[in-house]
Amino acid sequence: MARTMEKVDVVTVGVGWTGGIVAAECTKAGLKVVGLERGQERGTTDFLHIHDEYRYAIRYELMQNVAKETVTFQNTRKMKALPMRQMGSFLLGEGLGGAGTHWNGWTYRFLPYDFEIKTLTEKKYGKNKVPKDYLLQDWGLTYDDLEPYYDKFEKTAGISGENKNPYGGKRSSEYPTPPMVKTPILERFEKATQKMGMKPYMLPAATISTTYTNPDGSKINGCQYCGYCERFGCEYGAKASPEVTVVPTALKTGNYDLRFNANVVEILKQGNKVTGVKYIDTLSLEEIIQPADAVVLTSYVLNNAKLLMVSKIGEQYDPDTGRGTLGKNYCYQLNAGSTGFFDEQMNVFMGAGALGMTLDDWNGDNFDHSDVNFIHGSGIWITQSGNRPIAKNPVTPDVPSWGPEFKKASIYNFTRTLYVGGQGATMPYKENYMSLDDTYKDAYGLPLLRLTYNFTEQDRNLFKFSNDKTEEIMKEMGAKTVVPENVIEEYDIVPYQTTHNTGGTIMGVDRDKSVVNTYLQHWDADNLFVVGAGNFNHNSGYNPTGTVGALAYRCADGIIKYSKSGGSLV
Amino acid sequence: MSEKEKNISRRDFLKTSGIATGTLIGGGLIGGIIGYGMPKTTKVPDKKTEKTNHNLTSPKGRMFFTKDRDFNILSQATERIFPKDDIGPGAIELGVPYFIDNQLAGNYGSNAREYMQGPFFVGAPTQGYQSSQTRADAYTQGVSMLEKEAQSRYKKSFVDLDGEQMDAILTSFEKGEVKMNGLPSDFFFRMLRAATLQGAYADPIYSGNNNMDGWRMKNFPGNQMSYLNVIDSKEFQKIDPQSLANMEH
Ligand SMILES: Cc1cc2nc3c(=O)[nH]c(=O)nc-3n(C[C@H](O)[C@H](O)[C@H](O)COP(=O)(O)OP(=O)(O)OC[C@H]3O[C@@H](n4cnc5c(N)ncnc54)[C@H](O)[C@@H]3O)c2cc1C
Ligand code: SF4
């Protein structure tokens, strides 16, 4: 028999950026919040010995233990889905802060185009531009609706940036801190792209340029450009992450109860309300029930969908009939790019996760798509984020991958290569979705989540276009040899690509076409909220967390409203 | 004052800033202290490393391979992948075989943080590793298959082959041409190649990258506390590497 705890106002499943933001806002508003996190407590003082590439960047020490839970994967429905036995394509978070502890800190806003993509694309290019198997839809709110929440997230995280992007939506205020240092490597990119008529700007960074106190009174320190950033926690408290911002904010209200080793296995539902969640203490394996007036799923894209599926809340998407919304519109991203080989040595081992420059000339609908066979685009970027020796062994394609020639070339090139990338949007496709696996189980006996995903025609065309752009830029930057990425064919879950999974719990104004409304409130239970990049209807040419943070603030507003008035918020 | 004394050590830095003692939360000495005592350019050209007690009292040893022959086969294979040359040491001198051996005795070898539940099927390449074998199983089999190939092709032990013969066998593994039991040989090769590079370049606390010479070859400074003062420098910075071991006193 499960033990039942005392009822609280709000329970969140997982404590990363989304769980932390919801906790901070709700506790400040006087609500009692319990945060259930399957991983462990951790913070700045745990990161003193973090400059260890092998342990953290190669063996993924801070990330999800996939011995306990993973996903299964197939490219198409005709295959047999098999478990992702080792992490690869994306790196899932676990423990206080979630992936927000070891993220890179690129903090963008999506374009106004993104939120009204269907309407705007059809208006400009007609109804036939996008084939009907691409399940494009508007998000139900506009950029302007979300702007105050973007602003709030950027102020919480102290984002460093410059308001110089001519393509961005209107901003209500400047970035809270000035941009990071523009290094010689970034200047080289800036000069080349400006000469080519593009509009580069400093990448908005959560690895912040200078010490800053946020509106909640949390202090974030200035970045040291230590070069151990993505996949690592920051030993200086200089990377904006939940454990140096929203979590302490929630804790100091006295209204926040954080519980670790608490793996949620079910959302409990009665009639058209949820009553709380059931979790397992991962050490004792005891089952515990946490009743709450509102349940908030903040357990990342994959587990937010999985928990709804195992709890049988909402209707599973079926690609044959097109019915159902849960698991629909799973999207990912494309990684175009080019490596440039130079003669001179550069300080590539220094840097910070979000030290970079970027441009939007080939992103969104910022250029005319009449004559191309895709929509949307890619954010083009360069970063100096700290190259490390295990992961970085660049050689040109004529060099073998091991032996004397490899050793010489990889050592020579280590400090002599730069990379320009293109982060490509992906559009929802009828055959790309999430569901439950019928064979494999997690450590607690629940089915694994199953991903059915492959690159599409649109993806291949957009990839090619973006790859060419990066190649042109790298040439202009003066590289003596430029090697673009190989063209994409089948999606492969083995090599790391990006932890920008999106969709599956999409938002909208129509309950037949979305899982949650524009307050991220579930259509089938108005005291259940689901927030994260799972709410995205498609994925843009940017990193997701700026938009995820904004949605979490919007969600918190919704929860607080709901706690006062009840009922549907729309 | 020597260059070294002027620079506050990493430990002092962390202590003073309150990070080490946990007083950082809500506080913030760090903003004021950053940049203090750090050189504008750091140039310590010679090969000298800080001696720690660890080097003296903790010699390398084997934790996984029981037979010398197997360990020697592994050693030779890693040396072919990352050979000694005029730039510097190869895998053996860097301690890579000990690195791999020691890793095989731990979580890496037992795939402790990976999903190892059945049923097992052969999947498409896009679905990744699908064998029921742990890395410890795979290396044990892989090393014995290297020997078997040597015997059947050249009637000699792998360790007695000349370099080209070893390369021919390794290339067959790389191409997936050697038939292994329940495991593609190219998978074993990729794992061996990756582990060799890991052993060459991981912090020396893992028994490879001897004397940080892997890092020296690449001009990689290892564990430095801050590049704030040199991040805008146009000149390439040659910095003497530091290991995490230097933090253990
Ligand atoms: C290496 C890396 C680099 C990245 N870089 C960037 C970047 O530069 N810019 C950007 O915008 N984004 C980046 N991201 C993505 C970014 O980290 C995520 O978008 C963001 O952290 C997601 O926040 P979240 O709260 O939705 O989920 P998470 O941070 O994943 O938090 C979810 C939490 O829920 C917990 N949980 C899951 N299931 C359960 C359960 N059943 N019971 C209890 N707890 C559970 C998990 O343990 C986890 O702590 C990066 C990600 C990675 C991995
Ligand atoms: S690069 Fe900056 S933000 Fe990133 S871990 Fe180092 S000091 Fe922290």
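Reader: In this predicted model, how far apart do the end C-alpha atoms of residues 428-552 of chain A lie?

Author: The unreviewed UniProt entry annotates residues 428-552 of chain A as "domain: Glucose-methanol-choline oxidoreductase C-terminal". In the model, which is predicted, this span is 22% helix and 18% strand. Its end C-alpha atoms are separated by 22 Å.

Reader: What are the helix and strand contents of residues 193-330 of chain A?

Author: For residues 193-330 of chain A, the unreviewed UniProt entry gives the annotation "domain: Glucose-methanol-choline oxidoreductase N-terminal". The end C-alpha atoms of this stretch are 33 Å apart. Its content is 14% helix and 28% strand.

Reader: What area is buried between chain A and chain B?

Author: The contact involves 77 residues of chain A and 85 residues of chain B. Carbon and sulfur atoms give 60% of the buried area. The total is about 6600 Å².

Reader: Which three residues supply more than any other three of the area that chain A buries against chain B?

Author: The leading three residues together account for 14% of the area that chain A buries against chain B. One of them, A:Lys407, also has its side chain in a salt bridge with that of B:Asp85. The three are A:Arg85, A:Trp402 and A:Lys407.

Reader: What is the N to O distance in the salt bridge of A:Lys407 and B:Asp85?

Author: Three salt bridges are found across the interface of chain A and chain B. A salt bridge requires a side-chain nitrogen of Lys or Arg within 4 Å of a carboxyl oxygen of Asp or Glu, so the pair A:Lys407 and B:Asp85 is to be judged by that limit. Its N to O distance is 3.0 Å.

Reader: Which element gives the largest share of the side of chain A that touches chain B?

Author: Between the two chains, 38 residue pairs are in polar contact. Several elements of chain A each supply at least two residues to the side that touches chain B, among them helix H2 (53-58), helix H6 (184-195), strand E14 (351-359) and helix H9 (404-414). The largest share, seven residues, comes from H9(A).

Reader: How many nonpolar, polar and charged residues has the side of chain A that touches chain B?

Author: Strand E17 (433-441) of chain A is one of the elements that supply at least two residues to this side. By class, the residues number 36 nonpolar, 25 polar and 16 charged.

Reader: Which residue has a polar side-chain atom 2.7 Å from a nitrogen atom of ligand 1?

Author: Ligand 1 has 35 residues around it, and those that come nearest are A:Thr18, A:Glu37, A:Trp106, A:Asn303 and A:Thr545. A side-chain N or O atom of A:Arg38 is 2.8 Å from an oxygen atom of the ligand, and a backbone N or O atom of A:Asn104 lies 3.0 Å from one of its nitrogen atoms. The residue with the 2.7 Å distance is A:Thr545.

Reader: How many residues apart are A:Glu147 and A:Arg109?

Author: A:Glu147 and A:Arg109 form a salt bridge, with their closest N and O atoms 2.9 Å apart. A:Glu147 belongs to helix H5 (residues 143-157) of chain A, and A:Arg109 to the loop between E5 and helix H3 (112-115). The pair thus links distant parts of the chain, at a separation of 38 residues.

Reader: Where is A:His376 found, the residue that has a positive phi although it is not a glycine?

Author: Most residues other than glycine have a negative phi. A:His376, by contrast, has a phi of about 65°. Its place is the loop between E14 and strand E15 (378-385) of chain A.

Notes: Residues are numbered from 1 along each chain as its sequence is written. Chains are lettered from A and ligands numbered from 1 in the order in which they are written. This is a predicted model: local features need pLDDT of at least 70, side-chain atom pairs count only at pLDDT 80 or more; totals for chains, interfaces and linings use all residues. Side-chain values use heavy atoms; hydrogens and water are left out. UniProt positions are given in the numbering used here, feature names are shortened, and annotations may be inferred rather than shown by experiment. Helices (H or I, at least four residues) and strands (E, at least two) are DSSP runs, numbered from the N terminus. Contact means heavy atoms within 4.5 Å. Buried area is the accessible area (1.4 Å probe) that two parts lose on being put together, summed over both. A polar contact is a pair of N or O atoms within 3.5 Å; within protein, one must be able to donate a hydrogen and the other to accept it, and residues adjacent in sequence count only if both atoms are side-chain atoms. Ala, Val, Leu, Ile, Met, Phe, Trp, Tyr, Cys and Pro count as nonpolar, Asp, Glu, Lys and Arg as charged, and the others, Gly among them, as polar. A residue is near a molecule or strand if one of its heavy atoms lies within 4 Å of it.
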